[in-house]
Structures are given as C-alpha cells and as structure tokens.
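These are my notebook entries on one structure. I looked things up one topic at a time and wrote down what I found.

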Amino acid sequence: MHPRPNRTPLTPAARSELAADAARLKVCFEHVRAHARGEVEGLFGPGSMTWRVWREGSWVTSMMAMLLLEIAHPSVGAGVVQNSNFQNDVIGRARRTVASTAAWVFGDLQTALTTSYKIHKLHARVRGTIPPEVSPRLAGQPYRANDTQLLFWVHATIVDSVVKMYESFVEPLSAAELERYHEESNLLAILMGVPPNEVPATWADFRAYMDRMLNGDTLEAGPAVRKVAHALFNTSVTRGPLDEALTLGLLPPHLREAFGLPWGPRWQQAHDTLFAALRAGQRALPEALRYLPGYHQGCLRVAVARGEHLPWDARLVNGLDRWVDLPWSLKPIPIPDMDDDI
C-alpha cells in the first residue's frame, strides 16, 4: 500500500502552491535533462563518483538512522504521522523507498524523471499543520511535503549517510572526490524538486548545513514521532538488539535522548564490535555480492547500449533478478542473444 494522504478540500491558496510546485518541478527537470550524463546512462553513469559511492551495499546499514533523522524534522514527522501507514507497513515503505533511490541513482534518465514525478504527485496533497504530539513547540505551523526545505533535508540525510558509510567501510575520499560527489549529488536534489539556486555551492557549504541541522534546535522528537521510531525497531526484520546497536551509534547523542532510545557504554561497545565485523565481512565479499543489484544492472544497460563487453557479474545479478525480487534492483535488463548464457 502507498501512503494515504489526507484528502481535505484544497483552499485557493493551496491550489496556488500546487501550481507553483508543478512549475518549479518542470524547471528542475529541464535542468536535470541539460546536466545528466545521458539518456541511457541516467543522471550519473559509469565512472561517476555517485555510482562509485552508492554501489557499495554497506550504506544500507545506515537506512534506519536516516529515517530517524528525517522524521526528527517536525514537518517531516508530521507528514509521516498524519498521512502515512508507515507504522503498519514499515517493510513495504522501506522497499518502496529503496526502489525509488535505485531508479534515481542507477536508472536511465526517463526512469529517474518518471519516478520523481510520481513521488511529487503522491506528495502534492501531503500537507497540514503540525500537531502538538509531534512538536508542542511548533504546533499549528503549516507544512507540505513538497516544500523545498523539507525536500532538501530528506536528500541531505541520504547523501550524508551514504558518504559516511563509504568512508567507514571502504576508504576515505579526497577533497576533490568529495567535491565531485557533492556536485553530482546536487543534481539528485534538483531531480527531487529543489531549485538549482537553493542547493549548496560546495561540499563545505553542505557540511555547514548538516552541522547546523544536527546541532541546532530544528530537530526534535515529540511523543508521536517517538512512537514511530520505536515501531522501526519492532518489525519482523528489525526486532532484537542488533539493529538498535547498529543504528543508534550513528545518531547524535541529543537525538538518541530525544527519541528515548537506550544508550550507554555497553551499547557503544556493541556498536563498535558490530561495525568492525560488518566492515571485515564487507571487504571480504566479491564485487558481485558487494555491489548493489541496481549498480550491476545500470552497468549492464550502458554496456548493451554501447555494444561493449557485458560484465559477467552484472549478467549474473541481472539473471537472478528474474527469479528473485532482489532489493535495490531495477527491472531485469534484456540482453539480446545472450539470455541462454546466464
């Protein structure tokens, strides 16, 4: 099931906002088309910093921390509490989220644009006022999901977490590589509907934004948001201490406290031990298992279009996706005259 936005009648002012949002998205799409790597390559393509960083499966270990950071923004938290079946369908919501990110990052250009447009339309009616149980401090303040500041916050939590996990599990990035990664990531924010003139100009600007958000007074966790957070750790997949030990160590201490989640020296030790074990395991994996399916399929799609040699590991993953619904994958790529070899 998809989120179920409130269907309250729209005021003339709200209709005007919707029209402005649609016009802004059109301008953003024009910018994306002008700056994307290509129709087949998509936004970034092989050789990009984004594909290099995002292909590593290690970043998925930070997904729950990303979600907690997102809903700690009162407007995002209100949108989730009032307009989503998130608490009753955590796994389904996670699958839809990863499918969207795979399409944006590794899909062809039209797939990325279409996915963004569908999400924009879905979020168009996600609006309301922040309830006291989300934020007593901001109760009554209006919000809407397609507000550019909220779009950028969600984008920023993902971009920041992915690069942190890459540097934790793979290798540090140089200043030049971080700048390239940031420049490419801005295109992803613009695809989501953030105007080009509202994205940070440099990686240093982006880091300053994250520091302000993480250490300022914007983020909080009212009772309803804490309830969502606790639901995250009580699904059929996440029930037990491992996910808490992994996730909570990635959050700033004051947010752990705001969410009412446990922490202490033993939890820190468990987090460090778990991270060390995952790091060792990840480095021992072959690329066919270490890289996400969407990356393999993106490489395969580009190789087919260019008439290049088709990587065996990409063909293997693509073949498996026909029989098993792999997470973080695209639809299986057709391979002319080579299907019997897989």
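**Entry 1: the model and its confidence**

I am working with a predicted model, so I note the limits: local features need pLDDT of at least 70, side-chain atom pairs count only at pLDDT 80 or more, and totals for chains, interfaces and linings use all residues. Residues are numbered from 1 along each chain as its sequence is written, and side-chain values use heavy atoms, with hydrogens and water left out.

I looked up pLDDT, which is the predictor's confidence in each residue, from 0 to 100. The protein chain averages 88, and 91% of the residues score at least 70. Over residues 338-342 the pLDDT is below 50, and this stretch has eight contacts in the model beyond near neighbours in sequence. A contact means heavy atoms within 4.5 Å. Where pLDDT is low, the predicted coordinates should not be read in detail.

**Entry 2: salt bridges**

I counted a salt bridge when a side-chain nitrogen of Lys or Arg is within 4 Å of a carboxyl oxygen of Asp or Glu. The structure holds 15 of them.

I started with Asp21. Its side chain meets that of Arg24 in a salt bridge, 2.8 Å from N to O. Asp21 and Arg24 are three residues apart in helix α1 (residues 12-35), which means about one helical turn separates them. For helices (H or I, at least four residues) and strands (E, at least two) I used DSSP runs, numbered from the N terminus. An α-helix has 3.6 residues a turn, so residues three or four places apart point the same way.

I then checked burial, where buried means under 20% relative accessible area, exposed over 50%, and partly exposed in between (1.4 Å probe, protein chains only). Asp21 is buried at 2%, and Arg24 is buried at 16%.

Asp21 also forms a salt bridge with Arg144, with the closest N and O atoms 2.6 Å apart. This pair links distant parts of the chain, since Asp21 is in helix α1 and Arg144 is in strand β2 (residues 142-144), 123 residues apart. Both Asp21 and Arg144 are buried.

Arg52 and Glu177 meet in another salt bridge, 3.0 Å from N to O. They also link distant parts of the chain: Arg52 is in helix α2 (residues 49-54) and Glu177 in helix α8 (residues 175-191), 125 residues apart.

**Entry 3: nonpolar cores**

A nonpolar core is a set of buried Ala, Val, Leu, Ile, Met, Phe, Trp, Tyr and Cys residues joined through side-chain atoms within 4.5 Å. The largest has 89 residues, and those with the most contacts inside it include Leu43, Trp153 and Leu191. Helix α7 (residues 148-169) gives the largest share of this core, twelve residues. Which residues does Leu191 contact, leaving aside its neighbours within four places in sequence? I found Leu25, Phe29, Val32, Leu43, Trp104, Ala112, Leu113 and Ser116. A second, separate core of six residues includes Leu300 and Ile333. In soluble globular proteins, nonpolar side chains tend to be buried together.

**Entry 4: helix α13 and its surroundings**

Helix α13 (residues 265-284) has 20 residues and reaches 29 Å from its first C-alpha to its last. That is close to the 28 Å expected at 1.5 Å a residue, where the expected span is 1.5 Å times one less than the number of residues. His271, Leu274, Phe275 and Gln282 are buried in α13. Seen down the axis, the buried residues fall within an arc of 105°, so they line one face of the helix; the arc is that of the directions from the helix axis to the C-beta atoms. On the other side, Pro265, Arg266, Gln269, Thr273, Ala280 and Ala284 are exposed. The buried residues of α13 pack against α7, α11 (241-248) and α14 (287-290).

I followed α11 next. Its buried residues pack against α3 (63-71), α12 (253-258) and α13. In α3, eight of the nine residues are buried.

**Entry 5: single residues**

Ser185 is found in helix α8 and is buried at 4% relative accessible area. Not counting residues up to four places away in sequence, Ser185 touches Thr50, His155 and Val159.

Gly140 lies in the loop between β1 (127-129) and β2. Is Gly140 buried or partly exposed? At 45% relative accessibility, Gly140 counts as partly exposed.
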